[in-house]
Amino acid sequence: MSDLTEISKFFETEYPLNKEGLEELLALFQTKTFTKGTQLLNGSQEEKQLRFLNTGVIREYYATPEKETNINFFTRPQFITDLSSFINNSITKKHQESLTEVEVLYIDKQAFRDLLSKYECGKSFIDLSFQKLLKHKELLEYNRITKTADELYKEMLIYKPNWLEKIPQYHIASYLNITPETLSRIRKRIS
């Protein structure tokens, strides 16, 4: 049995459920470990599981035949599911790859929906999840359009230092939409 401490904390603080509902939900989660370099999500499939990163590092990206562009990194315990695909039963455009060995807790979509219906908390969970997702996406888009790579890197130093410690520099460069050489120059200027 995996450690459910982090996911328990998440639900207790972010989406409070009654005690019985939380215990039942946690009992439904299964654990899977993936090795470094494993594709957890492909841009041509539908999300069929609610997935929670318990340990490890995952990159999320868009891919075309010409290139991959990183859009997010997950380095702490949190949900990693493409909520839009999960909730709307649609095909995702995102890809996810483990950058380290990762432990993921997961629950199948139907079992999760059944439980939310049983405890009548499904609508609030989905509404709050989408609000957070949209807020994050809007901030990301705004920053990428209005800020320079230097400014984005400085913000990363302040708000995401764990990314700089745990994620290879070429992935950080892709996230900033610059070359690794440009990132190296930025790092030298800022140091």
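Predicted model: local features only at pLDDT ≥ 70, side-chain atom pairs only at ≥ 80, totals over all residues.
Student: How many helices and strands does the secondary structure of the chain come to?
Tutor: Helices (H or I, at least four residues) and strands (E, at least two) are DSSP runs, numbered from the N terminus. Counted in this way, the chain has 9 helices and 8 strands.

Student: What percentage of the residues in the chain is buried?
Tutor: A residue is called buried under 20% relative accessible area, exposed over 50%, and partly exposed in between (1.4 Å probe, protein chains only). Of the 191 residues in the chain, the buried share is 42%.

Student: In the open sheet that contains β1 and β6, what is the order of the strands?
Tutor: Two strands pair if DSSP finds at least two bridges between them, and in general such strands pair through backbone hydrogen bonds, either parallel or antiparallel. In this sheet of 4 strands the pairing is antiparallel. β1 (30–34) and β6 (78–79) each have a single partner strand, so one side of each is left without a neighbour in the sheet.

Student: Which residue is the bridge partner of R51 in β8?
Tutor: Strand β3 (residues 49–55) and strand β8 (residues 102–108) run antiparallel and are joined by 6 bridges. Within β8, the residue that partners R51 is Y106.

Student: Which helix lies across β3 and β8?
Tutor: Contact here means heavy atoms within 4.5 Å, and axes are lines fitted to C-alpha atoms, for helices over the stretch in contact, with angles from 0 to 180 degrees between N-to-C directions. The helix that lies across these two strands spans residues 109–118 and runs at about 60 degrees to β8, and its name is α4.

Student: What is the average twist from one strand to the next in the open sheet with the order β2-β7-β4-β5?
Tutor: This open sheet has 4 strands with antiparallel pairing, and its edge strands, β2 (39–41) and β5 (68–74), each pair on one side only. From one strand to the next, the twist averages 30 degrees.

Student: Which residue in β7 is the bridge partner of Y61?
Tutor: β4 and β7 pair in the antiparallel sense, and 4 bridges hold this pairing in the record of the model. The partner of Y61 in β7 is H95.

Student: How many of the residues of helix α8 are buried?
Tutor: Helix α8 lies across β4 and β5, running at about 105 degrees to β5. H171, I172, A173, S174, Y175 and L176 are the buried residues in α8, and the helix is followed by N177, whose phi is positive, near 65 degrees. Of the 8 residues in α8 (residues 169–176), the number buried is 6.

Student: Where do R189 and D150 lie?
Tutor: The side chains of these two residues meet in a salt bridge of 2.9 Å, N to O. At 53% relative accessibility R189 counts as exposed, whereas D150, at 22%, counts as partly exposed. The pair ties together parts that are 39 residues apart in sequence, because R189 lies in helix α9 (residues 180–190) and D150 in helix α6.

Conventions: Residues numbered from 1 in each chain as written. Heavy atoms only, no water. Salt bridge = Lys/Arg side-chain N within 4 Å of Asp/Glu carboxyl O.
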